[in-house]
Amino acid sequence: MSEKSLAFIFPAFVSEYSEDPGRRLPGFPKYFQKFLHQAAIRVSPDLEQFNFHTRTFLDDELKTQFITYVCSCALSSYLKDEGIRSDYCAGYSMGIYAAFYHAGVVSFMDGLELIGRAFESIRKVTRNAPFSMGTVIGLSREDIVGIIKHTGSSVQITNQNGICSFVLGGKEDEIRRFLDAAKAEGALSTRVIPVSDPYHTSYINPPGSDHRMIMTGLHFNDPMIPVVSLLDSKILHDEMSLRDEIIRNLYTPMNWYKTQLLLQSRGISVFIECGMGKALTKNSKFVEGDAVFLSPDSPGFIEDLEKIKPLL
Amino acid sequence: MATITENTKKEVKEIVYQFFAEECEVDLSEINNDTNIIKDLDGDSLMFLELIEIFKKKYNLDIELKTIGKYAVKHPVQTIGQLIDMQLLIIRHENKLLELEK
């Protein structure tokens, strides 16, 4: 793995669109429209009406998830056709579906099917209580665990983005109370994420639930590119481990911070964020190491890409 | 307690202006002390954190993020001018920032 140097990272489902993630890429709109058209045929004809500027579907979590997936898949295909080949790929949270598409594990259509089925499967177990998620910046893990213990809160840490950057999930009222407590403890920033399901928590996997049926009838292949798990930072090479990963990813906490460090220690020197916005690229500034993060949403993306091409 | 000179004030202002111009993709001329970081520049908390780290390194500051967080709860920052004032207080008082409340 030490010879490898480029990883494609696929961001999570969004709750806000960026201006237009492909606006700096000549020819990208055609890619986006092609994927959007296929998605409209498969899951919902009105997806064709999507427009970044009118913020279409932001009030519809499932359609926003489809749009995020469409955008990520279109971007990775565009970059691939431009000669940018990734040595590894990883899906940040629900970016896993686009990572699987990029690695050739599932077809674009089956990825859409997985998203829709996972959404319904999760809703079956979370529909009886209002859930939410939130972010805390400026406190350590010890601080956060301390607040949870001290307040008797049942919120769960679902992800660590950096030394002092965390995501939490749980019941809606508990999340709000926790964020207030975190602010009082000295958090620089807290924010409620506008989602209704507590992804990566045990609430998604109560006793008796079984999400494996979301894969029924869908075809999985061995990956053409190794996929990196954000759950335990392992490299996934085969179909069976990927099937397991797609289910565990729904209810298992992840650690993006640890995964980035591990990937860097194994020789990854360039990460390209394939999706809407540049949240992961921004976050990388707070992670140790010399790896370069590039986002198509950043002003110098094309120039940066040309600079690193000869090094790959 | 560090002494804040006119040169420090100028330097902090330049760094803050330059930082937001680059991060938010706006022309330097569009930024002034009354510019609202969220509403006018679409800024976010990660930018605030990054700026703190920049100043911590530049001035070798001994300050915990939690101290800044607790101060910011009572003195929320909305504009570029308020942010510059807070950075100057951080440079001057470091971990004793909260003693200003007493």
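This is a predicted model: local features need pLDDT of at least 70, side-chain atom pairs count only at pLDDT 80 or more; totals for chains, interfaces and linings use all residues.
**Exercise 1. Work out the order of the open sheet of six strands in chain A, and say which strands are its edge strands.**

Step one: reading across the sheet, the order is E8-E7-E2-E1-E10-E11 (chain A), and the pairing is mixed.

Step two: strand E8 (235–236) and strand E11 (292–294) of chain A each pair on one side only, and they are the edge strands.

Step three: within this sheet, strand E1 (residues 6–10) of chain A runs parallel to strand E2 (residues 88–91) of chain A, and four bridges join the two. In this pairing Ile9(A) stands opposite Ala90(A) in E2(A).

**Exercise 2. Describe how H1(A) passes H4(A), and list the residues through which they meet.**

Step one: two packed helices are described by the angle between their axes and the distance between the axes. For helix H1 (residues 28–42) and helix H4 (residues 108–126), both of chain A, the axes come within 10 Å and cross at roughly 55 degrees.

Step two: because of this crossing angle, H1(A) is oblique to H4(A), and the crossing in which H1(A) passes H4(A) is right-handed.

Step three: from H1(A), the residues Phe35(A), Gln38(A), Ala39(A) and Arg42(A) meet Phe108(A), Met109(A) and Leu112(A) of H4(A). Sorted by class, the contact of these two helices has five nonpolar residues, one polar residue and one charged residue.

**Exercise 3. How many residues of chain A are in contact with chain B, and which elements of chain A give two or more residues to that side?**

Step one: the contact between the chains involves 15 residues of chain A and 14 residues of chain B.

Step two: on the side of chain A that touches chain B, the elements that give two or more residues are helix H6 (172–185) and helix H9 (279–283) of chain A.

Step three: by class, this side of chain A has seven nonpolar, four polar and four charged residues.

Methods. Residues are numbered from 1 along each chain as its sequence is written. Chains are lettered from A and ligands numbered from 1 in the order in which they are written. Two strands pair if DSSP finds at least two bridges between them. Axes are lines fitted to C-alpha atoms, for helices over the stretch in contact, and angles run from 0 to 180 degrees between N-to-C directions. Angles under 35 degrees count as roughly parallel, over 145 as roughly antiparallel, 65 to 115 as roughly perpendicular and the rest as oblique. A crossing is left-handed if the near helix is turned anticlockwise from the far one by less than a right angle, and right-handed if clockwise. Two residues are in contact if their C-beta atoms, placed from the backbone, lie within 7 Å. Ala, Val, Leu, Ile, Met, Phe, Trp, Tyr, Cys and Pro count as nonpolar, Asp, Glu, Lys and Arg as charged, and the others, Gly among them, as polar.
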